[in-house]
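Take a look at the structure below. This short report begins with one pair of residues and then widens the view.

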Amino acid sequence: MHEYSIKNNIINSNPKGIKANIMIVGVGGQGSLLASKVIGTAAIKKGLDVKVSEVHGMSQRGGSVVTYVKMGDRVYSPLVEKGEADFIISFEKLEALRWAEYIAKDGTIIINDQHIDPMPVITGEKKYPLDVIEKISGMCDNTIVIDAFDIAKNLGNIKVVNIVLIGVYAKISGIEKEIWEEALRDVVNEKYLAINLKAFEEGYNY
Amino acid sequence: MKKLMLGNEAIARGTYEAGATVATAYPGTPSTEITENLAKYDNIYSEWSPNEKVALEVAIGASIAGARSICCMKHVGLNVAADPLFTVSYTGVNGGLVIVVADDPGMHSSQNEQDSRFYAMAANIPMLEPADSMECKTFVKQAFKISEEFDCPVLIRLTTRIAHSRSIVELEEKEEYKLKDYRKDPGKYVMMPAMARKRRVEVVKRMAQLETYSNETELNRIEWGSRDIGIITSGISYQYSKEVFKDASFLKLGMVYPLPYDLIARFAGEVKNLYVIEELEPFLENQIRKMGIPVTGKAVLPIVGELSSNILSEKILNREPMNTYPVPDKEQIPARPPVMCPGCPHRGTFYVLKKLKLTVTGDIGCYTLGAQPPLASMDTCVCMGASIGMAHGMEKARGREFARSTVAVIGDSTFVHSGITGLIDIVYNKGTSTVIVLDNSITGMTGHQHNPTSGYTIKGEPTKQVDLVKLAHAIGIERVRVADPYDIKEFEKIVKEEVAADEPSLIIAQRPCALLKNVKFEGPLRINREKCRTCKMCMKIGCPAIVDNGSYVEVNEALCVGCGLCSKLCNFGAFEKAGDANA
């Protein structure tokens, strides 16, 4: 018969006790799938259990998107629930505010200081709130704001915004820098590897 | 070797490891990546079929010819494939046949939330349900074995959170699988009444044997913990439950049809409080109740939408919702619904349809976003291909005059999927409807798959292309127009002429998807503020790159691709190339 004791669930070695619930939020098309793949790959290389939950299909078309990455000794649900996110990495500031209630006490929110108007603002039905960053900082003590768009633009490719932000997170992730670089080599198309490594470096040293 | 894999990718890997050699599908979220990944294996023949019914028929043929075959689709696709499904259950297989169906609880990218487990029950086909990517891989291999051992197709049910979650997969070697011999066997493969009656009896016998198997297989397992709470669950609900009930006992079902009745009875007998935790309909719960076993399930858990560990802890353990930081002025945060991309060819079409105040029967694809403000010009959307039949139905209900203000819009891939028969109906039954095929040269919403109108196969090889003009002529449509939806004036003129015509017409709105690699624009535009009179004409097209910042209208150069549709609406020539100082 196929019966198991529930005690032998722990399948990985994790001496530093790394456990992180991460949400990557932004606007469809900003590159959150690649970002989550890099984080997930780094976690595997660190010997952790990991799950990543992605969004494909209709909501990808310029809508609000959220990707979850969970790592630790053993991960069951791929979703991060309200009050559970240790890190929120936001590619757009309004999206940071939208998902901020998911942050855990002592969690960290990393915000790309970029503004993209959603359709209800474009049609004039709603206003884009003026004080987004102030509101988030008021809620969460650990808020890091970075103009990743500007950094990416200076590097010569606005698409590497995502990797700049990964760099910021990598620094405080508890996972070694070499592992991150290895993960980038694994995941990023070789053609764009050099600029992505530069983008990572900019974020890491921010 | 360990790899972080999407559930869909792991299904493809398992298919490869099982030695299968034929894979068919029509793309549909959340199932598309299975076949995209299958196409990467050189030893597997893969194809995008025109629709799910054809896909399944091809896979059945391959199976009877002796190959292990797989057919993949989203939940609503199984409705299209239901006809062959119910009868392949009678014929059984030769090489193993696996049908993967991906449900979408929460309707992330679907028009309904149907629970495909009922197909397993209705068609007498066993169904497996994996709970992570590793199980996706091992279950698909097991499914091929079950298929051959019990001579039946096997369904694998995924849900979005399994299909689109990545978790760790241990890769294994590919199994050597030799094609089974093909032999004529009309008693098994020709389902006319005399033969089908005999096969029907075999089906009933097989299901009884499969129930015994379900009691014995490792696909269903008990994890003993505290016996105060016992949980029967499967798929993603297992993961949410493990998160919340760390010490409980679990009966984790990998085979959700037929159920292991003996195992369930024994498990139920040994726990104090029994819960059934499943998303959508009470499929497991109702069957267990019928056994006379009292359980708690949908009495406390929602039928609508996805579950989550928070829902379980609130509804079953009556815990307070997690204490979170209150977001200030939460209701003031504007929603961010999906929108047509900058440069999208559909934008021009819907701008014209709205301007002409037409009744628009719509269909399934990126262009369904034409129902959203500010374009807001689609009246209906039901299923693949429905736009055409519905326009015809409206005409038959309200008369020809109504047809003069009605059009059906349908994408190129959707048209081939199930629009052609609707168009034949219009011609045959003397309708006068106007149908617009939005031909963007690709299957867009699911992420750029080729289709019979694109001229390429799933592997990117050039192939014959359906000629929509000739096709329309061949079925009896005289009025066929090809137009560029970005040439707004001309497009408007053509639409007006065709809806006015007293016979059926087909307009092919031709312009490729802006996200295709070979589509190049000249780079972002900007608005010359000296020329702009802030009339906001340009904002009527609902382009996410044109923004009213309160005092003036500007272009978000990071989003703008430079398609120039906006400049065609500007009466003051205010749009110019960004970075062009002399303009």
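This is a predicted model: local features need pLDDT of at least 70, side-chain atom pairs count only at pLDDT 80 or more; totals for chains, interfaces and linings use all residues.

Start at Arg481(B): its bridge partner in β18(B) is Ile507(B). From β17(B), the chain runs through helix α21, residues 488-500 of chain B, and on to β18(B). This β-α-β crossover is right-handed.

How many bridges join β17(B) and β18(B)? There are 5 bridges, and the pairing is parallel. Strand β17 covers residues 479-483 of chain B.

## Another partner for β18

Strand β18 of chain B, residues 505-510, also pairs with strand β16 of chain B, residues 434-439. Here too the sense is parallel. This pairing has 6 bridges.

## The whole chain

Now zoom out. Chain B contains 22 helices and 22 strands. Its C-alpha trace spans about 80 × 65 × 50 Å along the principal axes.

Why does the radius of gyration of chain B agree with a compact globule? Chain B has 583 residues, so a compact globule would have a radius of gyration near 25 Å. The value for chain B is 27 Å, which agrees.

## Burial and contacts

Of the 583 residues in chain B, 53% count as buried. Next, consider contacts in chain B between residues at least 6 apart in sequence. Of these, 73% join residues at least 24 apart.

Methods. Residues are numbered from 1 along each chain as its sequence is written. Chains are lettered from A and ligands numbered from 1 in the order in which they are written. Helices (H or I, at least four residues) and strands (E, at least two) are DSSP runs, numbered from the N terminus. The radius of gyration is taken over C-alpha atoms; the globule rule is 2.2 Å times the number of residues to the power 0.38. A residue is buried if 20 or more other C-beta atoms lie within 10 Å of its own, exposed if 12 or fewer, and partly exposed in between; C-beta atoms are placed from the backbone. Two residues are in contact if their C-beta atoms, placed from the backbone, lie within 7 Å. Two strands pair if DSSP finds at least two bridges between them. A crossover is right-handed if, with the strands pointing away from the viewer, the path from the first strand over the helix to the second runs clockwise.
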